[in-house]
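I opened a new notebook page for this structure. My plan was to look up the overall layout first and single residues after that.

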Amino acid sequence: MFGKISSRLLGISLLVVIAGCNKTDTGGAIDAGGSAAAPTPAVIQGACPQVYLLDGTANYRTYAKGAKDDPTKIVYQASLADTTRQCVQNESQLVMTVVVQGRVVAGPAGGAGNVNLPIRVAATDGKNTLYSELTQHPVEVPAGVGAAQFIFTKANITLPGGAGDFAKVYVGFDEGPAAGKKK
């Protein structure tokens, strides 16, 4: 008798877990029932492209005017560390939000103040650039501390619907031209 009950409880528990894995994102909206609105797109992490930090672009330094590669003339240096992402799929596209954690430190020639960090988010399918956008991300380095951590968030990165399985997303510092969004 106990074997049949525990088997049923196990079966029900598994169904509840599976149902939880298929939950759609409601964007914080509460459905009071009887809503005729279109269904909310599902949050899909399984086909959400990986985010990569490249060694050559995960660190950034600025120098005092006229100085280059002189460690005593560094105004500030910044680095990117951890990443995460979220994807929402609709009929024709995959929309990503990318979040990156970083840190900025004032150098010997720098100090407290506001710093604009040139951060580029780019997506590629190996051959083609699917998305590329440069953002000047402001960070304030507080007086007396000389360093600050920051969170960079780039929302509404739009990729073609089937791109999730093939695309790679890269985040890094970029002093290049602010090429527009590609779709």
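The entries below record what I looked up, topic by topic.

**Ground rules**

I noted that this is a predicted model, in which local features need pLDDT of at least 70 and side-chain atom pairs count only at pLDDT 80 or more, while totals for chains, interfaces and linings use all residues. Residues are numbered from 1 along each chain as its sequence is written, and side-chain values use heavy atoms, with hydrogens and water left out.

**Confidence**

I looked up pLDDT, the predictor's confidence in each residue on a scale from 0 to 100. The protein chain has a mean pLDDT of 78, and 70% of its residues reach 70 or more. Over residues 1-36 the pLDDT is below 50, and this stretch has 10 contacts in the model beyond near neighbours in sequence.

**Layout**

I counted elements as DSSP runs numbered from the N terminus: helices (H or I, at least four residues) and strands (E, at least two). The protein chain has one helix and nine strands. I read the order from the N terminus as α-β-β-β-β-β-β-β-β-β.

For contacts I used heavy atoms within 4.5 Å. Among contacts in the protein chain with a separation of 6 or more, 70% are between residues 24 or more positions apart.

**Surface and burial**

I took accessible areas from the Shrake-Rupley method with a 1.4 Å probe, where for residues only the protein chains shown count as cover. The protein chain exposes about 11,500 Å², and carbon and sulfur atoms supply 55% of that area.

I sorted residues by relative accessible area: buried is under 20%, exposed is over 50%, and partly exposed is in between (1.4 Å probe, protein chains only). Of the 183 residues in the protein chain, 28% are buried.

**Disulfide**

I searched for disulfides, meaning pairs of cysteine sulfur atoms within 2.5 Å. The structure holds one disulfide. Cys 48 is joined to Cys 87, with 2.0 Å from S to S. Cys 48 lies in the loop between E1 and E2 and Cys 87 in strand E4 (residues 74-89), so the link ties together parts that are 39 residues apart in sequence. I noted 70 degrees about the S-S bond, and the link is right-handed. Both Cys 48 and Cys 87 are buried.

**Gln 50**

I then turned to Gln 50, in the loop between strand E1 (42-43) and strand E2 (51-53). Gln 50 has a relative accessible area of 41% and is partly exposed. Leaving aside neighbours within four places in sequence, I found Gln 50 in contact with Arg 85, Lys 168 and Val 169.

I also listed polar contacts, which are pairs of N or O atoms within 3.5 Å; within protein, one must be able to donate a hydrogen and the other to accept it, and residues adjacent in sequence count only if both atoms are side-chain atoms. The side chains of Gln 50 and Arg 85 form one of 3.1 Å.

**Salt bridges**

How many salt bridges are there? I required a side-chain nitrogen of Lys or Arg within 4 Å of a carboxyl oxygen of Asp or Glu, and the count came to two.

One pairs Asp 174 with Arg 120 at 2.4 Å, N to O. Asp 174 lies in the segment after strand E9 (168-173) and Arg 120 in strand E6 (residues 113-124), so the pair ties together parts that are 54 residues apart in sequence. Asp 174 is partly exposed, at 23% relative accessibility, whereas Arg 120 is buried, at 11%. The side chain of Arg 120 also has a polar contact of 2.9 Å with that of Ser 132. I placed Ser 132 in strand E7, and it is buried at 10% relative accessibility.

Another salt bridge joins Lys 154 and Glu 133 at 3.4 Å, N to O. Lys 154 lies in strand E8 (residues 147-160) and Glu 133 in strand E7 (residues 129-141), so this pair ties together parts that are 21 residues apart in sequence. Lys 154 and Glu 133 are both buried.

**Positive phi**

Asp 69, which is not a glycine, has a positive phi near 65 degrees. Asp 69 lies in the loop between strand E3 (59-63) and E4, and is exposed at 59% relative accessibility. Asn 156, also not a glycine, has a positive phi of about 60 degrees. I found Asn 156 in strand E8, where it is exposed at 56% relative accessibility.
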